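Dear colleague,

I am handing over the structure below, followed by notes on what was found in it. Please read the notes with the model open beside them.

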Amino acid sequence: MAANASSLKETGMAVLLLGTLDTKGAEYAYVRDLIAAAGQEVVLVDTGVMAGARALVPDVAAEEVAEAGGESLERLRSAGDRGAALRAMAAGAARIARDLHEQGRLSGVLALGGSGGSSIAAAAMAALPVGLPKLLVSTMASGDVSAYVGQSDVTLMYSVVDVAGVNSISRQILGNAAAAIAGMAAAYDARSRTGPTGDDRPLVAATMFGVTTPAGDAARARLEELGYEVIVFHATGSGGRAMEALIASGYFAGVLDLTTTELADDLVGGVLSAGPDRLTAAGAAGVPQVVSLGALDMVNFGPMETVPDRFRDRNLLVHNPTVTLMRTTPEENAELGRRIGAKLAAASGPTALFVPRGGVSAVDVPGGPFHDPAADAACFDAVLAAVAGGDVQVVESSDDINKPAFAVAAAERLHELIQKGTA
């Protein structure tokens, strides 16, 4: 009989194995034994839906996983809806993983699978905090993996061959995966026993892009002088989403969001969008934030040949062989200003807006390829109008965003906002 999930809390920390044991029993038995041989306890969870005897007896049966996801396994099987079954098992696996972590049981998670098994495992991994080891061996790991990684720190390993038996090739891949999760789990277990031994300074989130690097570096240096640990996010879409998720999870004492360029990609259709919820988490959580308009002069595409035909007559700049930048128009900038202003005006916490009238990026300065005072003015006018009369503090400067004085002033203002909140 499978052990009830709640009974597992009485034993030590363990590696959680999430698997569709209706089809992959031999593979999971192989990695389970290797992890155990490496000295790690294993909790095996069956996320498979198909009926029939299992060659491998799990610690948490598929019926329990389905129930944890708000369904019955019998109903999922009779309905014959694979999509609904995957969603229910993913929800159940996520709840079990989260419960075990809250009980102090987890030292890592490993899963093996194709598209369906990977989607179930990825949902469970996404429910766990940053830092807890998460390894997914997947047939899908060589393509677009954004759906599996999301904003979590999942480690992906390409299975090379299908996860369909233990053979001379898969034995090497699965053996590496078992060794990897065992090693990561041991390190995590050791950290958990000794407690925090590193930096205990308050955390500040900051955003940076290649064309706003001088601003990010100067601001980070000043914040570190003021006693903060600064976590920099690259404003590449995934970076912005990760930052928003961590802000919402309560990691940060403040946010220095100098580079809001991802909103331009969201508006125009570039490849580095962080989605419409970018620039909302700090405001919703009441976290002090200082925001600027960094790199709103550009939308990002891949190589020049990938730029959509409708944009071919626009001001395009080859940043490198894999990145092509497109200058935003006055109309686009005005809409960006309105959107940013509305988000800031809705913030529940201390908020300041820094406006760099000298230019919003390294290429938006006099003589630069994206220098366009009319487009910048459209953004500035719109954002200032949107926050007028509210609680947003506004600081306007004749400097461009990368002038050290501008960045340092923004960092010092964030420090003031944080200090007022903790006084």
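The largest cavity is lined by Glu27, Val137, Ser159, Val161, Asp162, Val163, Ala164, Gly165, Ser170, Ile173 and Leu174. About 50 Å³ of space lies in this cavity, and the structure holds 1 cavity of 30 Å³ or more. The terms here rest on a 1 Å grid over the protein atoms alone: a cavity is a set of points where a 1.4 Å probe fits but cannot get out, a pocket is an open set with protein on both sides within 12 Å along at least five of seven lines, and lining residues have an atom within 4 Å of a point. Grid points are joined across faces, edges and corners, and a volume is the space filled by probe spheres set on the points. By class, the lining of the largest cavity has 6 nonpolar, 3 polar and 2 charged residues (Ala, Val, Leu, Ile, Met, Phe, Trp, Tyr, Cys and Pro count as nonpolar, Asp, Glu, Lys and Arg as charged, and the others, Gly among them, as polar).

Before going further, please note that this is a predicted model, in which local features need pLDDT of at least 70 and side-chain atom pairs count only at pLDDT 80 or more, while totals for chains, interfaces and linings use all residues. Residues are numbered from 1 along each chain as its sequence is written, and side-chain values use heavy atoms, with hydrogens and water left out. The chain averages a pLDDT (the predictor's confidence in each residue, from 0 to 100) of 93, and 96% of the residues score at least 70. Over residues 1-7, however, the pLDDT is below 50, and this stretch has 15 contacts in the model beyond near neighbours in sequence, a contact being heavy atoms within 4.5 Å. Where pLDDT is low, the predicted coordinates should not be read in detail.

As for the chain as a whole, its secondary structure comes to 14 helices and 14 strands, where helices (H or I, at least four residues) and strands (E, at least two) are DSSP runs numbered from the N terminus. Of the 423 residues, 49% are buried, with buried meaning under 20% relative accessible area, exposed over 50%, and partly exposed in between (1.4 Å probe, protein chains only). Along its principal axes the C-alpha trace spans about 70 × 55 × 40 Å.

To return to the cavity, the largest share of its lining, 3 residues, comes from α7. This helix, residues 170-194, reaches 36 Å from its first C-alpha to its last, close to the 36 Å expected for its 25 residues at 1.5 Å a residue; the expected span is 1.5 Å times one less than the number of residues. Among the buried residues of α7 are Ser170, Ile173 and Leu174, and what covers the buried residues of this helix includes β1 (14-19), α1 (25-37), α4 (82-102), β3 (106-113), β4 (134-138) and β5 (155-158). In the loop between β5 and α7 is Val160, whose phi is near 65 degrees, a positive value in a residue other than glycine. Val160 counts as partly exposed because its relative accessibility is 48%.

The largest pocket holds about 340 Å³ of space. Its lining has 18 residues, of which Asp22, Val49, Met50, Arg82 and Leu86 lie nearest the centre, and the lining divides into 6 nonpolar, 8 polar and 4 charged residues. Both α4 and α5 (115-126) supply at least two residues each, and α5 gives the most, with 4 residues.

Which secondary structure elements do the buried residues of α13 pack against? They pack against β12 (323-327), α12 (330-345), β13 (351-356) and β14 (393-397). Within α13 lies Asp376, which counts as buried because its relative accessibility is 5%; leaving aside neighbours within four places in sequence, Asp376 is in contact with Arg327, Gly359, Val360 and Asp364. After α13 comes Gly389, whose phi is positive, near 80 degrees.

In strand β12 lies Thr324, which is buried, with a relative accessible area of 0%. Not counting residues up to four places away in sequence, Thr324 touches several residues, including Val299, Phe301, Leu316 and His319.

With best regards
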